[in-house]
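Please consult the sequence and structure shown here while reading.

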Amino acid sequence: MRVVNGIEELRQLTGQNIGVSDWMWVTQEMVSQFAQATGDHQWIHVDPERARRESPFGGPVAHGFLTLSLLPALMGSLISVKGIKLGVNYGMNKVRFTSPVPVGKRVRIQVSSRQVDVDAEAGVANLIWNVVFEAEDTPKPVCVAEALSRYYF
């Protein structure tokens, strides 16, 4: 876990490799709960037997947006910013789901900081993170994203 103390240390993150997160399991229960919450009940996610028989992926896979939604938890295992009032997800510039995440695999992220903009007068810092999601035993990334965070100080 990398601890960043305040805006001055946050400012120094531009271009730095932040690291690799802890692994997180993607379970069928998680996928089913996500389907229930979002209304996306496509069979490749929620019908393991049919997915094993008919899917080109050989079994059930996580929703792409489920994978992306793990970003805050995975980032939380990587970096902690102290000396601020609040940090929020501010959006995404780019997201690509480059490979499916098989249910029962673990995922993690590799993160680097692309850009840090501090507006001292407004009391905010905006960061752009380059994020690569990996699934265990999967040869290529499962998602690549450019994520935005905003910190208030």
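## The largest pocket

Strand S5 is the main contributor to the lining of the largest pocket, giving 5 residues; helices (H or I, at least four residues) and strands (E, at least two) are DSSP runs, numbered from the N terminus. The model is predicted: local features need pLDDT of at least 70, side-chain atom pairs count only at pLDDT 80 or more, and totals for chains, interfaces and linings use all residues. Residues are numbered from 1 along each chain as its sequence is written, and side-chain values use heavy atoms, with hydrogens and water left out.

The volume of the largest pocket is about 350 Å³. A pocket is defined on a 1 Å grid over the protein atoms alone, as an open set of points where a 1.4 Å probe fits, with protein on both sides within 12 Å along at least five of seven lines; lining residues have an atom within 4 Å of a point. Grid points are joined across faces, edges and corners, and the volume is the space filled by probe spheres set on the points. Of the 20 lining residues, Pro72, Met75, Asn89, Ser149 and Tyr151 lie nearest the centre. At least two lining residues come from each of helix H6 (71–76), strand S4 (79–82), strand S5 (86–96), strand S7 (124–135) and strand S8 (143–152). The lining comprises 14 nonpolar residues, 6 polar and no charged, where Ala, Val, Leu, Ile, Met, Phe, Trp, Tyr, Cys and Pro count as nonpolar, Asp, Glu, Lys and Arg as charged, and the others, Gly among them, as polar.

## The second largest pocket

The second largest pocket has a volume of about 230 Å³. It is lined by 18 residues, and His45, Ala62, His63, Gly64 and Phe97 are the closest to its centre. Helix H2 (28–38), helix H3 (43–46) and helix H5 (64–69) each give two or more residues to this lining, with H5 giving the most, 3 residues. By class, the lining of the second largest pocket holds 10 nonpolar, 7 polar and 1 charged.

## Two buried loop residues

Leu13 is placed in the loop between helix H1 (6–11) and S2. Leu13 is buried because its relative accessible area is 1%; buried means under 20%, exposed over 50%, and partly exposed in between (1.4 Å probe, protein chains only). Residues up to four places away in sequence aside, Leu13 touches Arg2, Val4, Ile18, Ile79, Ser113, Val116, Leu127 and Trp129, contact meaning heavy atoms within 4.5 Å. Although Leu13 and Ser113 are 100 residues apart along the chain, their C-alpha atoms are separated by 6.1 Å.

Ser21 occupies the loop between strand S2 (17–20) and strand S3 (24–25). Its relative accessibility is 6%, so Ser21 counts as buried. Beyond neighbours within four places in sequence, Ser21 is in contact with Leu74, Ser77, Leu78, Arg108 and Ile109.

## Aromatic rings and charges

The count of aromatic pairs is 1, where rings of Phe, Tyr and Trp (its six-membered ring) pair if their centres lie within 6.5 Å; planes under 30 degrees apart count as stacked, over 60 as edge-to-face and the rest as tilted. Phe65 and Phe97 form an edge-to-face pair because their ring planes stand at 80 degrees, with centres 5.4 Å apart. Phe65 lies in helix H5 and Phe97 in the loop between S5 and strand S6 (106–119), so the pair ties together parts 32 residues apart in sequence. Phe65 is exposed, at 58% relative accessibility, whereas Phe97 is partly exposed, at 38%.

The charged end of Arg50 sits over the ring of Trp43, 4.2 Å from its centre, and that of Arg106 sits over the ring of Trp25, 5.5 Å from its centre. A charge sits over a ring if NZ of Lys or CZ of Arg is within 6 Å of the ring centre and within 35 degrees of the ring normal.
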